[in-house]
Amino acid sequence: MTPAARVAARVAALLGVPVHQVHPVGGGDICAAYCLVLADGRTVFAKTLTAAPSGFFAAEAAGLRWLADAPGG
């Protein structure tokens, strides 16, 4: 199974919606990044990092929420 197929399978399992398309996208820096189109028409973004440190993505999500709540965000 390709890395993109593994990401599609994991996203489908987490969201409970089949993935119709998955495309690698740039800008993931140290991570592999993907754009996925779901069967219900939504588009989602996913990143992976082999052997990511514990809490790596949770910390990023918290930082993004903080930025969204900042004045002017």
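**The sheet and its neighbours**

Modeller: Three strands make an open sheet in the order E1-E2-E3, with antiparallel pairing. E1 and E3 are the edge strands with a single partner each, so one side of each has no neighbour in the sheet. From one strand to the next, the twist averages 25 degrees. This is a predicted model, where local features need pLDDT of at least 70 and side-chain atom pairs count only at pLDDT 80 or more, while totals for chains, interfaces and linings use all residues. Residues are numbered from 1 along each chain as its sequence is written, and side-chain values use heavy atoms, leaving out hydrogens and water.

Biologist: What makes E1 and E2 a pair?

Modeller: Two strands pair if DSSP finds at least two bridges between them. Six bridges join E1 to E2 (residues 32-38), so they count as paired, and they run antiparallel. Strands themselves are DSSP runs of E with at least two residues, and helices are runs of H or I with at least four, numbered from the N terminus. Looking across to E2, His23 stands opposite Cys35, and Val22 has Leu36 as its bridge partner.

Biologist: And where does helix H1 lie?

Modeller: H1 (residues 3-15) lies across E1, E2 and E3, at about 55 degrees to E2. Angles like that run from 0 to 180 degrees between N-to-C directions, and axes are lines fitted to C-alpha atoms, for helices over the stretch in contact.

Biologist: Why is Val25 called partly exposed?

Modeller: Buried means under 20% relative accessible area and exposed means over 50%, with partly exposed in between (1.4 Å probe, protein chains only). Val25 has 33%, so it is partly exposed. Val25 sits in strand E1 (residues 19-25). Leaving aside neighbours within four places in sequence, Val25 is in contact (heavy atoms within 4.5 Å) with Ala33, Tyr34, Cys35 and Phe45.

Biologist: How do you know that Ala51 is exposed?

Modeller: Its relative accessibility is 72%, and the cut-off is over 50%, so Ala51 counts as exposed. Ala51 is in the loop between strand E3 (43-48) and helix H2 (56-69).
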